Amino acid sequence: LEGTIPPSISQLLAIQNLEVNNNILTGTVPDTLSVMSNLTELRLGDNDYAPHSFPKGLLRLSNLQKLSLSRSSLTGSIPDSVGFLSQLQSLDLSENSLRGSLPETLGYLSLLRHLSLRNNLLTGSLPDSL
């Protein structure tokens, strides 16, 4: 696949698993994905996105169990609200340009079993909540 992720993909409301990783997708991750409330697994990594901050729309996907944004040209910091994805079991944000410290709210993810943050520009120590 190449080009941008079309906003119309969000009309597939019954989709539970969306994997478009390892393609030649460009642009940024559309906020319209936030209406796909049945999503439990979302893999968007390994594409040619333009540099962008963490897609805030994804933070509204309350049923999300697995999220992979590895090699997605992410910049900025990891938002505190990522800790409110209460069903999250796996989070892969590796190989981006994320900066700053880890949010304390990561400790709220009681179901989290896999966390990959390698090859970023993160600073500080692990939050006490982890």
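This is a predicted model: local features need pLDDT of at least 70, side-chain atom pairs count only at pLDDT 80 or more; totals for chains, interfaces and linings use all residues.

Student: OK, and which residue does arginine 118 form a salt bridge with?

Tutor: Glutamate 95, with the closest N and O atoms 3.3 Å apart. Arginine 118 sits in the loop between strand 10 (114-116) and strand 11 (121-122), while glutamate 95 is in the loop between strand 8 (90-92) and strand 9 (97-100), so the pair ties together parts that are 23 residues apart in sequence.

Student: Is glutamate 95 buried, exposed or partly exposed?

Tutor: Partly exposed, at 29% relative accessible area. Salt bridges with shared partners also link Glu95 and Arg118 with Asp46 and Arg71 in one network.

Student: How many salt bridges does the structure hold?

Tutor: Five. Among them is the one between glutamate 19 and arginine 43, where the closest N and O atoms are 3.9 Å apart. Glutamate 19 is in strand 2 (residues 17-19) and arginine 43 in strand 4 (residues 41-43), so this pair ties together parts that lie 24 residues apart in sequence.

Student: And what about the bridge between glutamate 41 and arginine 43, what's the N to O distance there?

Tutor: That one comes in at 2.7 Å. Glutamate 41 counts as buried, at 14% relative accessibility. Arginine 43 is partly exposed at 27%, and glutamate 19 is partly exposed at 45%.

Student: What does the C-alpha trace span along its principal axes?

Tutor: About 40 × 25 × 20 Å.

Student: And how much of the protein is buried?

Tutor: Buried residues make up 43% of the 130. If you look at contacts with a separation of 6 or more, 48% are between residues 24 or more positions apart.

Student: What about the surface, how much of it belongs to carbon and sulfur atoms?

Tutor: 48%, out of an accessible surface of about 6,600 Å².

Student: Last one, back to charge. How many positive and negative side chains are there?

Tutor: There are 8 positive and 11 negative, and the centres of the two sets lie 3 Å apart.

Terms used. Residues are numbered from 1 along each chain as its sequence is written. Side-chain values use heavy atoms; hydrogens and water are left out. Buried means under 20% relative accessible area, exposed over 50%, partly exposed in between (1.4 Å probe, protein chains only). Contact means heavy atoms within 4.5 Å. Accessible areas come from the Shrake-Rupley method with a 1.4 Å probe; for residues, only the protein chains shown count as cover. Lys and Arg count as positive and Asp and Glu as negative; His and the chain ends are not counted. The place of a charge is taken as NZ of Lys, CZ of Arg, CG of Asp or CD of Glu. A salt bridge is a side-chain nitrogen of Lys or Arg within 4 Å of a carboxyl oxygen of Asp or Glu. Helices (H or I, at least four residues) and strands (E, at least two) are DSSP runs, numbered from the N terminus.
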